[in-house]
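Open the model in your viewer and keep the selection panel at hand. The tour goes from a whole chain to single residues.

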Amino acid sequence: MSSTDLTGHASPAAATTYELTHLQALEAEAIHIIREVAAEFERPVMLFSGGKDSAVMLHLAVKAFAPARLPFPVMHVDTGHNFPEVIDYRDRRIAELGARLVVASVQDAIDAGRVVEETGPRASRNRLQTVPLLEAIEENRFDAVFGGARRDEEKARAKERVFSFRDDFGQWDPKNQRPELWSLYNGRHRKGEHIRVFPISNWTELDIWQYVADEGIELPTIYYAHRRRVFQRDGMWLADTPFVTVGEDEEVEERLVRFRTVGDASCTGAIESSAADLAAIIEETAVTRVTERGATRADDRISEAGMEDRKREGYF
Amino acid sequence: MELLRFATAGSVDDGKSTLIGRLLYDSKAIFEDQLESVERTSRDRGDAHTDLALLTDGLRAEREQGITIDVAYRYFATPRRKFIIADTPGHIQYTRNMVTGASTADLALVLVDARKGVLEQSRRHAFLASLLGIPHLVVCVNKMDLVDWSQERYDEIKAEFRSFAMKLDVHDLTFVPVSALHGDNVVERSANMPWYEGPSLLHQLEEVHIASDRNLIDARFPVQYVIRPQDQTSHELHDYRGYAGQVAGGVFKPGDEVVVLPSGLTSTVASIDTADGRVDEAYAPMSVTIRLADDVDVSRGDMIARVRNRPHVGQDIEAMVCWLTADTSLRSGAKLAVKHTTRWGRTMVKDLQYRLDVNTLHRDEDATELSLNEIGRVQLRTTVPLFFDEYRRNRTTGSFILVDEGTNNTVGAGIILGPTAVA
């Protein structure tokens, strides 16, 4: 075993103290949760967006079953508005693991007329993800769906269980959640219902970065500082991509930026940063005074209850 | 850096939200955008002060009604420790929420209003903390500014609380006089109370010794999942058979002589594997994979223990149960599903022996049912044997949940007192 100090550097620990570092304790908890699901459900699936949280979750899942392979497939809900670096990373990672990838496509749902694309310069496909997600769950008869949500990132998520029940319509009812005690998870459900499972509920953004550094987890390059053509909207730097319409009063310029979260390119903002490696990112994360969603997610700025409303509909 | 999980208990007016807000704010765990949003909502509602409770009350109904519905988890860290706060609301479904939040806590923070002294609810908080086996209880005597920083008043409350706590199973009880509003003794020692010689609350949270709270004596390993790569291309992996799980107590080492329950077959630990390689020792709460030297039949729900230190094995159990639902009540004869460690079974309530008044600790032996938020002592008979310890000896092998087989809801939380004595 090794221990971790504040900056995330591993150092040998005395074997006689029988203490775990906070990252070791969080890892042990997450592995326990992932194994419970593999043992108790018939058709689990793990969501994987290519973002840092799902990268950590997938890494934990691989560790949970070593030396055997991952005993469930991986699912990406693809808005079609991706950063190419993230799709490259996704495909490379899936190939390395020899895992099966299920893609639930927002574009397919739009083409088939099952969802209607938003229009206007601020159109986003973020909210549209719920329909293909629920359709893929139904079609594949998935009974447990792992998500990489963390309780510290958003206040509706702070109140969600690790095992979170979804009814026949994939809906979350925040006022009617099952009590969750000790590490005894109740995954019982009827046919057609499913459970969302959040193994990294108790991790913070800083924990994620320290763990990424400790474990040497590869991430998409857009998390590290790079020069990019961006423009300012609502106090965020949005990337100039084919998926957004730059307004007449908005000016595209090249800046040194990185992303703190990875999502639909039309609603995920970059921050100005020169943090080009993990040590610099950890340092920046430790002193930042703005939450990652507040800094970079237009989808959470809709209203105080934006996330709660989307979750009730069946969102991640 | 070590992890400390603590639960907070308090009611609407005792300043709990202010205290938590203060801890989070002073440890820089509240971000500017969160604070701005809370200030905006407070202003829009016409509050006189910024309501820090809005930081944790995230659901629409909570913000509209100004109440806390559910346990909220908050996170902060100092250079010494990382903290997880389970913040439990004071009024609605109090017991259910506090039991939930307290089940995994290393420490409970109980607030007492210095003007009001030890109220019924302070007693209830302390009782629940002791029932849930929380090893450390810190009593914050708050609003000291409103009693002129009086040492006499503080000592009075302390003595009253102590005399009540003597009836409880509390191992470590400490007191801190604070003013959450002004920050006295929260993060920094207060200049207003020079008579208080102890540490600030945050210092206490950073320093309390929790490593020895874990049971390092009784080796318990509930088997979660059997890992069999079934890889035909590699000779070593082809024969690999490992038992994955999270250590629930004691220390396991390669070479240990172990018994597998329920079969009773014995073997020795061949190796303890993790994805990072083999380890020399495994202890709670490590998630590892144990391989045995012999080809014995082991599956999920089994337990690996030391040959000369075994848990109780049985189907007749004495337990305290907290009832968690308003939909039904618990009565003698009720049949429910039970989950204990990694084992599911069914159980029948043989007898409800008494219902406990959590305010007075009075035992009502005439009670015929337990309703939502009520706690009572029951005798259970399970369809499969469970491998268990007394809760006060091991919180993992001593706890269980009860699940309604019709709705699949979690309806009861159980704390094992021991096997039913044979009459």
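A residue counts as buried when 20 or more other C-beta atoms lie within 10 Å of its own. Keep that cut-off in mind for the first stop. Note too that this is a predicted model.

**Stop 1: chain A as a whole.** Select chain A. By that cut-off, buried residues make up 53% of its 316 residues. Now draw a box along the principal axes: the C-alpha atoms of chain A fill roughly 65 × 50 × 40 Å. How does the radius of gyration of chain A sit against that of a compact globule? A compact globule with 316 residues would have a value near 20 Å, and chain A has 19 Å, so the two agree. Take the contacts between residues at least 6 apart in sequence: 75% of them join residues at least 24 apart.

**Stop 2: the nonpolar core.** In soluble globular proteins, nonpolar side chains tend to be buried together. Here the largest nonpolar core has 188 residues. Select the residues with the most contacts inside it: A:Met46, A:Val197, B:Ala102, B:Ala108, B:Val110, B:Cys140 and B:Val141. Next, highlight helix H1 of chain A, residues 22-40. This helix gives the most to the core, with 10 residues.

Zoom in on A:Val197. Which residues does A:Val197 touch, leaving aside those up to four places away in sequence? They are A:Ile33, A:Val37, A:Ala144, A:Val145, A:Phe146, A:Val162 and A:Phe163.

**Stop 3: where the chains meet.** Show both chains. Here 60 residues of chain B are in contact with 50 residues of chain A. On the chain B side, select helix H2, residues 32-45. This helix supplies the largest share of that side, 5 residues. Colour the chain B side by class: 30 residues are nonpolar, 16 polar and 14 charged.

**Stop 4: strands in chain B.** Select S11(B), residues 257-261, and S12(B), residues 265-274. The two strands pair in the antiparallel sense over 4 bridges. Look across the pair at B:Glu257, which stands opposite B:Thr268. S11(B) and S12(B) form a hairpin with 3 residues between them. In the turn, pick B:Gly264 and check its phi, which is positive at about 80°.

Finish on B:Val260, with B:Ile304 of S16(B) opposite.

Methods:
Residues numbered from 1 in each chain as written. Chains lettered and ligands numbered in written order. Predicted model: local features only at pLDDT ≥ 70, side-chain atom pairs only at ≥ 80, totals over all residues. Contact = placed C-beta atoms within 7 Å. Nonpolar A, V, L, I, M, F, W, Y, C, P; charged D, E, K, R; others polar. Rg over C-alpha atoms; globule rule 2.2 N^0.38 Å. Buried ≥ 20, exposed ≤ 12 C-beta atoms within 10 Å, placed from the backbone. Core = buried A, V, L, I, M, F, W, Y, C linked by C-beta atoms within 7 Å. Pairing = 2+ DSSP bridges.
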